[in-house]
Structures are given as C-alpha cells and as structure tokens.
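User: I have a model open and would like to go through it with you. Could you take my questions one at a time?
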Amino acid sequence: MTSMSLPQEIILLLCQELAARRDFGTLFNCSLVSRRVASIALEQIYSIQELSSVSTGDDYNKLEWARLWRSIILSSIGKTAYPYCIYLRSLSIGNLDDCLRELHLRHNNQDMRIRKYFFEGPMEQFYESRDGRPAIGAIMNNCADSIIKYIKKSADSTGATAALEHLEGTHIPHNLLPGWVAQLRGLRSLRIRDGSVLGLDAAKAISEHCPNFADLTCYYCSDADEDLALFFTTLRPNSLRSFEIISKNEIGPNALTALNCHAKSLRSLSLRSISLQAKKALPQLSNCTGLETLVIENSNFFNFEDVEDFGDDVLKGIIAWISNCKSLKDLSLRILKALTIVKEVLLTSPDIRLTTLSMVDFGSVSEEVESADWAALGSQDRLESFTLGQLDGNVNGLVINQGLALMDSICNLKNLSSLNLMLSYITSDVVRSLATSLPRLSEFSFSGDMMDDGILLPLANLPQLKILSINALSAFSFDGLYDFAVELYKPGHMGIRIDILNQVGELKFNESDYMRLQQYFVKALQGRIEITYFMDPDELHETDFSDSE
C-alpha cells in the first residue's frame with residue numbers, strides 16, 4: 001500500500017504516535033516519502049524539536065543544532081519549503097541564546113565554518129555587532145522577534161490559534177516581553193530567568209491576549225517582591241495554575257499575599273531558596289488551599305537558622321495552612337522544623353493522601369524522631385516516593401534506629417517505590433528491615449553505618465529494584481557482590497543501576513575482578529555497577545608521589 005492510498009487522518013495519527021515516542025529518526029524518514037507525508041511528519045518533528053538530542057548542543061550535534069535554529073529562523077521570513085516556526089509548541093529563546101554563544105565561544109576551524117554557514121545568505125540580516133564583536137543579545141532578540149511576528153501573522157491570516165504554547169527565555173528584555181506575549185494568543189506557560197522583568201505591562205499583555213495562560217516559572221527573583229505582587233494582581237483572577245522559583249528567591253510578603261488572587265486556581269507552588277522573610281510570610285497563603293504540589297526549600301542548603309528566628313506563631317500558621325490543603329499529593333519541605341510541620345499536618349488532616357513526600361530538616365530533630373507519634377505517617381498507604389533527612393551540621397544526618405516509631409511507620413509504607421535516606425544515618429539491620437518490609441521498592445538510596453555482604457541478599461530479594469545507591473562506608477567482598485549480581489538475574493531487575501560510593505579503599509578490587517563484575521552487569525543484567533573508594537590507595541599513592549617532588 002502506498003502513502004497515497006492511506007487517508008490523511010491515518011498518516012497524521014501515525015506521525016503523532018511517533019512524536020509521542022520521540023522517534024525523530026522514523027519521523028525524518030517519513031518526511032522523505034512524499035510532500036504529502038512530509039508536511040505532516042515535519043509538523044510533528046518541529047512541534048517537539050526542543051526534546052531532540054540535537055538541542056543539547058554537544059560537540060557531536062553542534063552543526064545539526066545550528067541547522068535546526070537556522071531553519072526555524074529562515075522560515076519566519078519565508079525562505080524555507082515549509083513554515084517550520086508555526087509548528088512550534090515551545091519556543092526556547094534561551095536555547096537559541098546558548099546556540100549563538102556556543103558558535104562564538106571558540107575560534108577553531110569547525111566552529112568558524114558553522115558560524116559562517118549560520119549567518120550566510122538571508123540570515124545576514126539578523127547579525128549585529130558591537131565594537132567588532134557579535135552582539136549575541138541583539139541577534140537573539142532579532143531572531144525571536146521575527147519568529148514571533150510570523151507566528152502571529154500566520155494565525156491572523158488563518159483565523160486559528162497558534163500552536164505555540166510555551167515560551168522560555170534567559171535574557172528577555174523588560175521592554176520586549178509584553179509585546180511578544182501579546183502576539184501569542186495560545187500561550188499557556190512562561191519560563192524566564194529573572195522574575196524582575198515581570199510587572200504591570202507584562203501582566204496586562206497576558207491578561208488581555210493570552211486567555212489560556214496558567215503556568216509561570218522563574219529561575220530566580222531578585223528585588224521582585226513588589227513587581228511580582230503587581231503582576232499577580234493584574235492577571236485575570238484565579239487564572240494562575242502553577243508558580244515556581246528555582247534558585248535565588250527574594251520575594252516577600254507582598255508577592256505571597258498577592259498569590260491569594262489565584263487561590264481557587266493555584267495547584268502547584270514551588271518556592272526554592274526561600275528567604276527567612278518569605279518564610280515568615282507563608283501563613284499569608286492561607287487561602288491557597290487547592291494545592292496538589294507544594295515545595296518549600298531553604299535559602300541556603302547549609303544555613304542552620306535558630307528556632308527563635310522562625311517563630312512559634314509562624315510555625316502554627318504554616319501547619320494550619322498546609323493542613324487545609326486537602327487535595328495535596330506532593331509535599332517537599334527542606335526547611336527548619338520540616339519534620340514537625342509534616343507530623344502535625346498528617347495528624348491534623350488524616351484525609352490528606354500523599355503520593356510523594358520529602359522532608360529534610362535544618363534543625364535538631366532528636367526529640368521528633370525518638371518520641372513523637374508517627375502513626376499518621378504509616379497510614380499514608382498511597383505514598384510512592386519518600387525522602388527523609390537532616391541538615392544541621394551533624395555529619396551523620398538523621399539517625400534512624402530499629403524500634404523507633406518513625407522506623408515502624410516507614411516499614412508500613414507498603415506502596416513505596418522510591419526511598420531516599422541519603423541525608424539519614426541507618427545501620428545494616430535497618431537496611432535489611434526496610435528491604436524485607438517494602439517489597440515494591442525500585443529505587444533505594446541511603447547513607448549510614450558500615451555496610452557489608454549481609455545486606456546484599458535482602459536487597460536482591462526486592463523484586464523490582466532498579467536503582468541502588470549506597471553512600472555509607474562499605475566493606476563488600478568481590479564474591480559477595482558477584483553472588484549478589486547472580487541473584488539479580490530476574491526479569492524485574494533488567495537494566496539495574498548500582499552506585500557504591502564509599503567502598504573502603506583497603507578492599508579495592510583488582511582490575512580483572514572489577515571488569516568481570518561490570519561485564520556481568522552489562523551483558524547479563526543490561527545494567528551497570530560503579531564503585532568509588534574511600535581513601536583510594538592508588539590515589540593516595542599518587543598524592544604521596546607528587547608531594548615527594
């Protein structure tokens with residue numbers, strides 16, 4: 001049967017399925033069949049182009065990376081066979097910026113040829129220089145402006161909404177952002193580097209021209225508290241679905257209070273690197289109770305604040321707010337009193353059923369671990385992923401021993417598939433108990449006391465184990481690890497990845513044994529094992545040799 005005999009709808013469905021599988025190679029081959037099939041296949045390729053390995057821009061794909069962006073930009077001025085840029089669902093201006101900077105970073109022959117190719121012909125109109133050097137920011141803005149204008153023009157001419165739904169940028173100028181988003185009626189999400197470029201004009205443009213806008217992510221927000229507050233209050237009420245700050249975070253009470261304008265719509269809130277000032281304002285989010293995902297992380301991973309700085313009233317306000325979030329599914333707290341907050345929330349609101357829970361405390365938690373009532377944690381029968389730890393300057397982290405109520409509750413979490421105890425301290429007895437009690441574990445990582453061959457068989461008996469990371473000091477023997485590998489030869493363990501991060505240097509395997517072990521994992525288990533050594537004797541010998549010189 002030829003492509004001409006297949007209905008257009010069938011070809012579209014096939015190409016959509018290939019796109020869902022991210023099968024760029026087969027989609028590209030489809031584009032070579034005929035013009036009829038090419039138009040469908042190319043639309044699917046460019047609709048997910050940001051997911052292609054070409055977009056990573058490594059040395060092997062640098063030419064293809066440049067070709068991809070060149071084709072998108074040229075299509076915005078009508079110089080390509082197909083209008084690639086109107087196929088885009090996501091426009092990553094940051095990726096274009098990376099591509100341009102990478103092309104001008106080195107002066108070897110290959111990069112010079114690619115650079116010349118990129119700007120030759122019609123592309124020359126986008127090039128700008130300052131003092132004899134390429135003006136990357138201006139070039140990027142010229143290209144992005146051309147793409148966005150063409151998308152808007154095409155949508156207006158057909159009367160259809162543009163496919164572009166996601167806009168990402170690193171250095172989007174404050175004066176350009178409102179004009180760009182105003183041309184993208186289908187815009188749903190915005191991801192920018194600095195939240196300070198947001199304000200009244202950007203919010204007005206989104207409110208008036210982007211009826212589906214719902215998701216905002218900022219890499220950082222510096223001196224943006226009042227601007228973000230104005231942005232949130234100017235958007236259509238109850239339109240924002242998710243808000244995330246990834247890194248540096250200087251928002252405060254104004255922005256957090258303004259988020260209440262979206263209390264009925266907000267489902268996901270991630271406030272990483274949050275300041276003490278902002279933490280004190282968290283109770284002001286008391287109206288935002290429709291959250292399904294909540295992430296709050298300390299401003300400094302090793303900033304151990306005094307309990308007095310947090311305040312009991314603030315603590316009670318945070319507990320009351322989270323306890324009212326009855327739809328909460330994913331909760332991650334990396335702040336002072338994290339364990340207290342979680343324990344009280346679960347006791348106060350047993351109807352909250354979490355699937356993901358991460359609690360890393362920044363204070364002394366011995367009382368919470370040793371004497372608190374953790375029965376409510378053990379009743380979280382839908383929990384699939386659990387992270388538990390402590391960062392208070394204590395080398396060992398959170399100590400979890402047999403017989404503790406917290407330990408018993410963890411053992412009752414029968415649906416757990418992922419358990420991360422890297423910031424905790426556990427013994428080999430605890431490892432064996434957890435492996436015996438949690439049969440669905442597929443990812444297990446931990447630190448703690450010295451581990452030996454005695455933990456390997458219980459771990460091998462986990463029928464779905466796929467990822468194992470051991471950060472504790474270990475004294476595994478070669479025979480013990482090889483027997484462990486043989487025990488893993490079952491369908492559920494195919495593709496397993498194991499990292500042993502602190503094997504005692506005195507027990508370092510010889511090269512042939514280590515290679516034999518690795519080959520078994522690769523060939524028999526289709527996986528891998530990596531072993532690094534604490535006080536590696538070979539590295540110590542090299543250091544001694546260099547010092548002697």
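User: What do the buried residues of α9 pack against?

Analyst: In this predicted model, the buried residues of α9 pack against α8 (177–182) and α10 (225–234). Helices here are DSSP runs of H or I with at least four residues, strands are E runs of at least two, and both are numbered from the N terminus; contact means heavy atoms within 4.5 Å.

User: Which residues of α9 are buried?

Analyst: Helix α9 covers residues 200–209, and Ala202, Ala203, Ala205 and Ile206 are buried in it. They span an arc of only 160° around the axis, which puts them on the same side of α9, the arc being that of the directions from the helix axis to the C-beta atoms. Buried means under 20% relative accessible area, exposed means over 50%, and partly exposed lies in between, with a 1.4 Å probe and protein chains only. As a general point, an α-helix has 3.6 residues a turn, so residues three or four places apart point the same way.

User: Before I go on, what are the ground rules for numbering and confidence?

Analyst: Residues are numbered from 1 along each chain as its sequence is written, and side-chain values use heavy atoms, with hydrogens and water left out. As this is a predicted model, local features need pLDDT of at least 70 and side-chain atom pairs count only at pLDDT 80 or more, while totals for chains, interfaces and linings use all residues.

User: Fine. How many salt bridges are there?

Analyst: The structure holds 18 salt bridges, a salt bridge being a side-chain nitrogen of Lys or Arg within 4 Å of a carboxyl oxygen of Asp or Glu. Lys62, Glu102 and Asp111 are linked in a network of them.

User: What does Lys62 pair with, and where do the partners sit?

Analyst: Lys62 forms a salt bridge with Glu102, with the closest N and O atoms 3.2 Å apart. Lys62 lies in helix α4 (residues 62–75) and Glu102 in helix α5 (residues 93–103), so this pair ties together parts that are 40 residues apart in sequence. Lys62 also forms a salt bridge with Asp111, where the closest N and O atoms are 3.2 Å apart. Asp111 lies in helix α6 (residues 109–118), so that pair joins parts 49 residues apart in sequence.

User: Is Lys62 buried or exposed?

Analyst: Lys62 counts as buried, at 3% relative accessibility. Glu102 is buried with a relative accessible area of 17%, and Asp111 is buried as well.

User: What about Arg353, which residue does it bridge to?

Analyst: Arg353 forms a salt bridge with Asp381, and their closest N and O atoms are 2.8 Å apart. Asp381 lies in the loop between α17 (375–378) and β12 (385–390), and Arg353 in the loop between α15 (338–348) and β11 (356–361), so the pair ties together parts that are 28 residues apart in sequence. Asp381 counts as partly exposed at 43% relative accessibility, whereas Arg353 is buried at 17%.

User: Switching to the core: which residues touch the most other members?

Analyst: In the largest nonpolar core, which has 174 residues, Phe243, Trp321, Phe386 and Phe444 touch the most other members. Helix α7 (residues 136–158) gives the most to this core, with nine residues. A nonpolar core is a set of buried Ala, Val, Leu, Ile, Met, Phe, Trp, Tyr and Cys residues joined through side-chain atoms within 4.5 Å.

User: And what does Phe444 touch?

Analyst: Not counting residues up to four places away in sequence, Phe444 touches residues including Leu419, Leu421, Val431 and Leu434. Leu419 is found in strand β14 (residues 418–426) and counts as buried at 1% relative accessibility. Leaving aside its neighbours within four places in sequence, the contacts of Leu419 include Phe386, Phe444 and Glu443; Leu419 and Glu443 are 24 residues apart in sequence and 6.3 Å apart in space, C-alpha to C-alpha.

User: Last topic, the chain as a whole: how many helices and strands does it have?

Analyst: The chain has 23 helices and 18 strands, and its C-alpha trace spans about 70 × 65 × 60 Å along its principal axes. Buried residues make up 51% of the 549 residues. Among contacts in the chain with a separation of 6 or more, residues 24 or more positions apart account for 74%.
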